[in-house]
Amino acid sequence: TDKEYQRMRDAAIKVLRAVGVDTGGSNVQFAINPDDGRMLVIEMNPRVSRSSALASKATGFPIAKIAAKLAVGYTLNELVNEITSGEIPASFEPTMDYVVIKIPRFNFDKFPQTSNTLTTQMKSVGEVMALGSNFQESLQKAIRGLEIGRSGLHTRYKIDSKKSKSTSQLRGYLRKPTPDRLWYIADAFRLGLSLSDIYLECRIDPWFLIQIQELVLMEQSLLTCSIHDLDSSRLRLFKQRGFSDAYLGTLLQCSEEKIRQHRIKHHVIPSYKRIDSCAGEFPSETAYYYSTYYPFCEVSQEHTFNTSKKKIMILGGGPNRIGQGIEFDYCCVHAAMALQEAGYQTIMVNRNPETVSTDFDSSDRLYFEPVTLEDILSIVAAEKPEGVIVHYGGQTPLKLAYELEAHGVSMMGTSPDSIDNAEDRERFQKLIKELHLHQPANGTVRDTREAIVVANRIGYPLVVRPSYVLGGRAMEIIYQAEDLKSYLKHAVAVSHTSPVLLDQFLNNAIEVDIDAICDGQEVFIGGIMEHIEEAGIHSGDSACSLPPFSLSVVVQQDLIDQVRQMAVKLGVVGLVNAQFAIQGDDIYVLEVNPRASRTVPFVSKATGIALAKIAARCMVGESLRQQGFSSNYPMPSFYSIKLPVFPFIKFSGVDSILGPEMKSTGEVMGIARRFGQAYAKAQLGAGTNIVQRRKAFVSVRDEDKARIGEIVKRLIALGFKIIATRGTALVLQAAGIDCHRVYKVTEGRPHVVDLIKNHEIDFIINTTEGKRAIADSLTIRCNALQHKVSYTTTLSGAEAACLAMKYEDRTTVTRLQDLH
């Protein structure tokens, strides 16, 4: 209630005064007992918090910016609220005339070993925010913005023929807080459970349950209807409650396009309202909008937008998730900056409150909307831009390219057909053959029988993955036919419309990433990155070095030539990323992505060249030569190391061994004149700090035993004593290397995990392959993680760690500006 809200507001100010917060942002969390209104303070953070970004985007009030100015001596009444163009001071508290919903984005699909129960330990990897005129509209907009394949409160629970069994099982789902509980609540209403029954199970406030119940009743009223039964008033009512065209199509058993045409025919189109932090009390010219189906469109009444300039729309990447994070937002923001500098008006569409692209001053106009076909077409109809850029937001906008083009929307940069030419395995294979380049032996399969035949032709081990994925989703290395059958049965649904790709796995190959820009005729190489881990680990999870640390000049030039050939042949206009594997003297093309890649920010900072900006200007017709960029590759005179950061500590029981499916949630960068120093800085940035050098534990697979001796010698030179499991110890002792044998967990005690728990081990090298060996060594990795022992699961990672420890330098710092 408003009374409780005012009590919390007053209490928050008292807490700030008591703690001694003189200036800046703070966060206070409360708990309210719904039975008697008792209020408790849970915690207080005397700083801006995760929710500060959300609150800033929700209200339009720039909390962090104001807090920074307060820190240097300004007072609230001296500062103005920029979103109202200075009409009101910053001391004016934000007021809203709309409803904001935040829903977290989870990635439990990446960690199947861990429970998806939500607890006090944060497990979300991102979030989506939606704005609407009422709770239901905001809720359904947020759901379709999550990008989890749901456009509404779809049925998640398969009802059993015995209703009593279904009811009992569903009650269990209601009690358990999981990412899917919202959908299970809707299913409970569909099954006939009463409001009070559902409340007793989940204890979610009845007001929210009533909102969901109303949505379920509305959708059920459509089950016996056809599209022709929806007149303009009834259709508008459904749209005002947030029902998307796609979800209405599902309920009415027709296509999304039919719903869209029916809606336009009846003049049911969205209007756009302004976010101004003052609920319209004062005039505002800031173009920060959300959609609704209530009257009066503020976009059509806008007179401040310079209509003499051409408009370009940029589509963002949506909520952060593993495989698609803020790297793509960086590209979107740089595109907006470059196009503004080139004289264009920029329009940004995104709904991620954690990003810079959704700052109202990052572009000329901001639409806080889901990046779906329905929403983008509506904005295009309102704005009529010159073109749309889909290449900077990751897979989210890229998947819309064909449909947008089919609806007459002009695509800037690389065409949708060129994108498909690179992503469609069979078309790309034909292109590679025409250029006389090489790929690992591969095949595309559409059923299990075909998969076994193709796998026998290629040979095991294999890398298998679904087509059209980002972040290596459901990608695995398969060693035998039984594993392949199990993968096709349990991991993915293989079909004619969803083929699975099989690739020969290249053992002991070096993987290389190249980011480049093509203007349709010439190609500018932005950077060549050599992966530190061998091929087989997802590029997003592998540490990498720019410039390459072991590739010859001849190999690098050969790679550059291949990138140029492929970019021009594909007709790329903008950014392109190519991945290669080098095995001996042979170069294999793994894939080419004619879009922004997650390494663009890293390369841009390492070289001092803003690739996303240059590419954006290429997209609007400005050639590389016109921008002053030749085809010369800018080789830095220092090393930049990119090191991934993983969330394993958040997910109990998850194996930290790396593979072809991406699991990292971020990355850090280390820069220095020597490779070892740069790697050491990156390790410190990622939280890896080997303070003591007492004992190192080594246990490697048979394939790595020939190379482990040299690495162990380096560890001994660094001051470590070596302990190893039986097989590894025998190899080391045969080579004359002093080491102490320790039991595996299954062999007796004290075993290696006991030593980890007793804090006797400071560094671990543990390489393994095969399901059984990986399972047997799981406890080593899990305990190393829990006890904060530095470890590596690859020999190349171990070699880099040795160099880092040898050349570690914590005293030399360099400004990025001085390097460029």
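The charged end of R150 lies over the ring of W183, at 4.4 Å from the ring centre; a charge is taken to sit over a ring if NZ of Lys or CZ of Arg is within 6 Å of the ring centre and within 35 degrees of the ring normal. The model is predicted, so local features need pLDDT of at least 70 and side-chain atom pairs count only at pLDDT 80 or more, while totals for chains, interfaces and linings use all residues. Residues are numbered from 1 along each chain as its sequence is written, and side-chain values use heavy atoms, with hydrogens and water left out.

The structure contains 21 aromatic pairs. Rings of Phe, Tyr and Trp (its six-membered ring) pair if their centres lie within 6.5 Å, and planes under 30 degrees apart count as stacked, over 60 as edge-to-face and the rest as tilted. The pair of Y288 and F368 is tilted, because the ring centres are 6.3 Å apart and the planes stand at 45°. This pair connects distant parts of the chain, with Y288 in strand β6 (residues 288–292) and F368 in strand β9 (residues 365–368), 80 residues apart; helices (H or I, at least four residues) and strands (E, at least two) are DSSP runs, numbered from the N terminus. Y288 and F368 are both buried, where buried means under 20% relative accessible area, exposed over 50% and partly exposed in between (1.4 Å probe, protein chains only).

F549 and F675 also form a tilted aromatic pair, with 5.0 Å from centre to centre and 45° between the planes. Here too distant parts of the chain are linked: F549 is in the loop between β17 (544–546) and α20 (553–570), F675 is in helix α23 (residues 675–685), and the two are 126 residues apart. F549 is partly exposed at a relative accessible area of 34%, whereas F675 is buried at 10%. A single aromatic cluster is formed by F106, F108, F111, F646, F648 and F651.

Two packed helices are described by the angle between their axes and the distance between the axes. The axes of α4 (residues 135–145) and α8 (residues 206–220) come within 10 Å and cross at roughly 75°. Axes are lines fitted to C-alpha atoms, for helices over the stretch in contact, and angles run from 0 to 180 degrees between N-to-C directions. Helices α4 and α8 are therefore roughly perpendicular to each other (under 35 degrees is roughly parallel, over 145 roughly antiparallel, 65 to 115 roughly perpendicular and the rest oblique). Residues in contact (heavy atoms within 4.5 Å) are F135, Q136, L139 and Q140 of α4 and W207, F208, Q211, I212, E214 and L215 of α8.

Most residues other than glycine have a negative phi, and most peptide bonds are trans. Y460 and P461 are joined by a cis peptide bond with omega about 0°, and P461 lies in the loop between α18 (448–458) and β12 (462–466). A cis bond also runs from L546 to P547, with omega near 0°; P547 is in the loop between β17 and α20. Q253, which is not a glycine, has a positive phi of about 55°. Q253 belongs to the loop between α10 (245–252) and α11 (256–265) and is exposed, with a relative accessible area of 76%. H267, not a glycine either, has a positive phi of about 60°. H267 is in the loop between α11 and β5 (271–274) and is exposed at 63% relative accessibility.
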